[in-house]
Amino acid sequence: MKILYIDVDSLRPDHLGAYGYHRNTSPNIDSLAERGVRFTNYYASDAPCAPSRTALFSSRYGIHNGVVNHGGTEGDMRRIGPNRPFNHHHTPYQAWVDKLRFKGLHTAMISPFPGRHAAWHVTEGFLEVHDTGKHAGETAGDVATEAVRWIKEKGSEKENWFLYLNFWDPHTPYRTPEDYGNPFKDDPAPQWLTEEIIAKHRESYGPMGARDLVQVKQWPGLPDEIASRADFKKWIDGYDTAIRHVDDHIGKLLHALEEQGILDETIIIISADHGENQGELNVYGDHQTADHITSRIPCIVAGPGIKQGHVDDDFHYQIDFGPTFTELIGGKVSERWDGVSFLPALTNGESRGREYLVVSQQAWACQRAVRFDNWMLIRTYHDGLKEFPELMLFDIENDPHETTNLADELPEIVGKGLRMLDQWVAEQMKSSEYPTDPMWNVIHEGGPFHTRGDYALDGYLNKLRKENRHAAAERLERRYRPEKFTK
């Protein structure tokens with residue numbers, strides 16, 4: 001069995017043609033979706049990068065494995081403790097990639113991610129790890145060159161293998177080579193973001209908001225702020241061009257497999273670590289929330305033994321992937337994993353979804369959200385210097401870009417979601433080997449890593465005042481230092 005897992009950083013599904021996007025960003029990915037299974041409600045249990053990939057490879061929620069932040073105590077995996085075995089082979093602690101290895105698959109990773117995030121734990125079970133050497137500054141060409149070389153050498157030599165690789169281009173700063181051009185210069189940007197919404201965003205505040213975009217840019221023509229739909233189009237052109245650039249190189253991987261005569265015997269997965277807000281909740285080009293846009297990711301699986309042309313609308317986590325493929329190769333699912341196999345959905349199109357999902361974010365804000373029915377209920381515990389209310393409720397089917405918070409209008413739906421969230425936390429804490437919820441450790445250590453401490457608050461307040469955004473600065477300071485405004 002040959003398995004190629006392509007992880008495209010920051011790839012949101014609704015910017016792919018297979019998921020209904022109006023721009024031609026993904027012809028090669030779309031062709032895979034046509035001959036495989038496409039999952040429409042597939043979510044990262046924990047975001048962003050390090051929590052998501054840790055959850056994926058451990059098949060455990062962040063509340064169990066401990067990696068929910070990008071620094072501090074909860075940036076590392078929790079120790080097993082006195083029950084730690086000599087190694088994890090054939091124990092309940094064995095990673096699913098290691099199970100693939102013991103079933104005879106040659107396992108390899110092509111990614112700078114473990115070094116970039118000091119997340120060496122994700123390499124467990126991999127016989128080879130190739131760091132492409134640019135600390136996530138890689139373009140799709142850098143990654144594809146290494147992957148094609150591997151396919152021509154090890155991919156053709158080994159009978160059974162699992163190759164995991166990362167493309168980074170859709171992660172800011174967009175790094176598509178300038179000579180690639182802009183294939184979308186004549187295509188309109190998504191219509192949902194209106195001038196009125198942009199004006200409201202500019203009156204608000206928050207990292208990566210309309211007036212606080214990342215200032216490191218590699219693709220030409222990106223705006224410094226979002227002041228109009230014209231600016232938004234330039235910004236989205238950068239993101240979509242990066243996706244198309246990746247898709248072109250996915251085509252090169254498919255061609256390499258075909259040249260080696262192994263395309264028809266290779267299962268190919270297209271997925272991501274998280275999505276990417278592009279204006280939703282006043283976050284542009286980043287992944288700072290536990291909302292529908294950051295948490296939902298694409299999942300397309302095609303290849304031998306996979307049902308063709310099937311669309312699965314059930315709820316699944318990315319942590320369910322490991323158990324699914326462990327079962328596919330005849331392995332046994334570990335009792336310590338939180339993931340649940342959806343193999344019958346892949347092979348026969350059978351329903352194997354969950355009743356609801358709980359997703360988390362604690363690196364840019366501290367939030368947990370419940371995805372159920374057509375709703376997404378988000379509870380904010382630490383706003384990460386963003387102007388979020390404690391509760392937000394969105395009708396995802398009718399308002400996928402989360403423009404209207406219905407929490408005050410639909411208290412019974414809010415109550416249902418909060419009961420699900422409370423039930424989920426209670427169940428996870430009962431089964432946890434630690435008596436503490438890592439989210440509260442994050443909050444007590446100073447909050448999300450990227451917006452942590454008085455230095456970050458003071459620096460941002462100074463920035464707002466320097467830009468004459470005094471009303472926004474006062475609202476932010478009242479949240480964090482209310483005593484300053486009391487007599």
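Q: Does F321 count as buried or exposed, and at what relative accessibility?
A: In this predicted model, the class of a residue follows from its relative accessible area, and buried means under 20%. The value for F321 falls under that cut-off, so F321 counts as buried, at a relative accessibility of 1%.

Q: How are the rings of F321 and F325 arranged, stacked or edge-to-face?
A: F321 and F325 are 4 residues apart in helix 10 (residues 321-328), and are therefore separated by about one helical turn. F325 is buried as well, with a relative accessible area of 1%. Their rings form an aromatic pair with 4.4 Å from centre to centre and 20° between the planes, and because planes under 30 degrees apart count as stacked, the arrangement is stacked.

Q: Which kind of aromatic pair do W96 and F162 form?
A: A search of the whole structure finds 19 aromatic pairs, and W96 and F162 form one of them, with ring centres 5.7 Å apart. Both residues are buried. Their planes meet at 75°, so the pair is edge-to-face.

Q: How many residues apart in sequence are the parts that W96 and F162 tie together?
A: W96 belongs to helix 4 (residues 96-102), whereas F162 belongs to strand 6 (residues 161-167). The pair therefore ties together parts whose separation in sequence is 66 residues.

Q: Which element gives the most to the lining of the largest cavity?
A: The search of the whole structure finds 2 cavities of 30 Å³ or more, and about 40 Å³ of space lies in the largest cavity. Its lining includes Y5, D7, R53 and L56, and the elements that give two or more residues to this lining are strand 1 (2-8) and helix 2 (49-58). With 3 residues, the element that gives the most is helix 2.

Q: Over the ring of which residue does the charged end of R53 sit?
A: R53 is among the residues that line the largest cavity. The charged end of R53 lies 5.3 Å from the centre of the ring over which it sits, and that ring belongs to W168.

Q: How many charged residues does the lining of the second largest cavity have?
A: The second largest cavity, with a volume of about 40 Å³, is lined by R12, P13, D14, H292, I293 and R296. By class, this lining has 2 nonpolar residues and 1 polar residue, and the number of charged residues is 3.

Methods
Residues are numbered from 1 along each chain as its sequence is written. This is a predicted model: local features need pLDDT of at least 70, side-chain atom pairs count only at pLDDT 80 or more; totals for chains, interfaces and linings use all residues. Side-chain values use heavy atoms; hydrogens and water are left out. On a 1 Å grid over the protein atoms alone, a cavity is a set of points where a 1.4 Å probe fits but cannot get out, and a pocket is an open set with protein on both sides within 12 Å along at least five of seven lines; lining residues have an atom within 4 Å of a point. Grid points are joined across faces, edges and corners, and a volume is the space filled by probe spheres set on the points. Ala, Val, Leu, Ile, Met, Phe, Trp, Tyr, Cys and Pro count as nonpolar, Asp, Glu, Lys and Arg as charged, and the others, Gly among them, as polar. Rings of Phe, Tyr and Trp (its six-membered ring) pair if their centres lie within 6.5 Å; planes under 30 degrees apart count as stacked, over 60 as edge-to-face and the rest as tilted. Buried means under 20% relative accessible area, exposed over 50%, partly exposed in between (1.4 Å probe, protein chains only). A charge sits over a ring if NZ of Lys or CZ of Arg is within 6 Å of the ring centre and within 35 degrees of the ring normal.
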